[in-house]
Amino acid sequence: MFLFGTLRHRALLDAVIGVSTHLRISQAELSGFALHAVAEGPFPAIVPSPDASCLGGLVEGLTSSDLERLAFYEGAFGYALEDVVLTDGGLARAYMPEPGRWTTKGDWSLDDWVRDWGSLSVISAREVMSYMGKRAPDEIAAMFPMIRARAWSRLNAAQGKHDEKTLHGTVDVQRHYRAYAQYFALDEYDLSHERFDGSMTQTVKRAVFLSPDAALVLPYDPVRDRVLVVEQMRMGPLARGDKTLWQLEPIAGRLDPGETPETAARREAMEEAGLSLGALHPVAETYCSPGNSSEFYYIYVGLADLPEDIAGVGGLEAEHEDIRAHLMPFDDLLKLCDDQGAANAPLVLSAYWLARHRDRLRTTS
């Protein structure tokens with residue numbers, strides 16, 4: 001097998017086929033092809049190019065199980081096996097992209113990819129392979145953006161800085177099962193955990209809703225002393241039986257893989273309200289509901305110019321968004337929260353943070 005792209009990263013290959021110590025891997029070259037970056041994602045595509053050549057790895061010793069796992073993984077991305085003749089005349093097979101499927105742009109570097117995307121891709125591949133025998137490759141392709149977003153959340157979690165004085169006890173996971181996965185996911189666990197007296201609990205059953213990290217921002221105009229909030233239909237109130245299905249909330253959206261929370265907040269402000277933000281002031285980094293959800297919030301107040309004509313209806317059509325923006329004097333927002341008229345926790349949290357820091361922001365802006 002001739003590998004030219006991301007599977008040359010040994011950790012990713014191991015995530016796909018399992019431990020690969022039985023394999024023999026040597027350097028090889030394929031003439032008449034060039035390796036390019038792909039605009040649709042951080043991975044390469046190989047394309048015919050008469051005067052070019054592509055360096056890669058020649059993998060020998062693959063078992064039937066290895067080949068099955070490779071076929072499942074590559075099939076999710078539209079790559080198919082083809083016979084190739086290497087520069088030295090040797091015969092091999094390679095997973096080649098469907099012609100015209102990807103938009104190529106410039107050169108691609110394995111070292112740069114490993115630095116920027118290697119860890120995320122390994123985590124993503126482990127989730128992809130967990131669906132082998134359960135999901136078709138085209139289903140994996142549809143789920144892959146959220147698979148990568150969940151992987152990015154796991155990497156962000158490793159940088160957590162909160163609760164340093166809490167117990168760092170033992171958790172023994174006896175069973176972990178993915179009960180549901182589409183846009184979101186639901187995992188079930190059988191586990192026991194350490195008690196504060198040092199003993200372990202009996203085995204308990206728990207479930208957790210998996211959602212990627214999200215950035216939320218409340219735009220605030222310190223000159224006009226008003227905020228912008230958005231309104232849209234929400235599934236939580238519908239499932240609960242609430243009569244108020246359209247909710248007021250800060251601008252919000254999930255972090256794309258590789259994206260910082262600050263960048264996500266600015267991107268979402270432009271997408272949802274056509275709004276360009278100035279300085280971002282951190283409000284909180286917090287779980288939305290740690291008892292049953294992995295969703296993690298990065299919450300900001302963002303300084304902005306909020307004239308009368310900034311309010312309106314926006315959102316991305318591709319994401320089926322229908323979002324209405326409202327301008328509101330800050331005192332009106334604070335009264336809404338004090339009167340329990342706001343049902344969105346990050347909005348209430350942002351309002352009370354702003355009440356504490358408002359004078360400072362108005363003085364320094």
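**Fold and helix packing in a predicted model**

In this predicted model, 61% of the chain's contacts between residues at least 6 apart in sequence join residues at least 24 apart.

User: How many helices and strands are there in the chain, and what share of its residues count as buried?

Analyst: The chain holds 8 helices and 17 strands. Burial is assigned under 20% relative accessible area. Of the 365 residues, the share that counts as buried is 44%.

User: How do the axes of helix α2 and helix α3 cross: roughly parallel or roughly perpendicular?

Analyst: Helix α2 spans residues 64-75 and helix α3 spans residues 110-130; their axes come within 10 Å and cross at roughly 110°.

User: Which residues in α3 do R69, F72 and Y73 in α2 meet?

Analyst: The α2 side of this contact consists of R69, F72 and Y73. Their partners in α3 are A125, V128 and M129.

User: Is S124 buried or exposed, and which residues does S124 touch?

Analyst: S124 lies in helix α3. Its relative accessibility is 2%, and because the cut-off for burial is under 20%, S124 counts as buried. Leaving aside residues up to four places away in sequence, S124 touches F144, I147, R148 and A151.

User: How far apart do the centres of the positive and negative side chains lie?

Analyst: The chain carries 35 positive and 53 negative side chains. The distance between the centres of the two sets is 5 Å.

Methods
Residues numbered from 1 in each chain as written. Predicted model: local features only at pLDDT ≥ 70, side-chain atom pairs only at ≥ 80, totals over all residues. Heavy atoms only, no water. Helix = DSSP H or I, 4+ residues; strand = E, 2+ residues; numbered from the N terminus. Buried < 20%, exposed > 50% of the residue type's maximum accessible area, 1.4 Å probe, protein only. Contact = heavy atoms within 4.5 Å. Lys, Arg positive; Asp, Glu negative; His and termini not counted. Charge placed at Lys NZ, Arg CZ, Asp CG, Glu CD. Axes fitted to C-alpha atoms, helices over the stretch in contact; angles between N-to-C directions.
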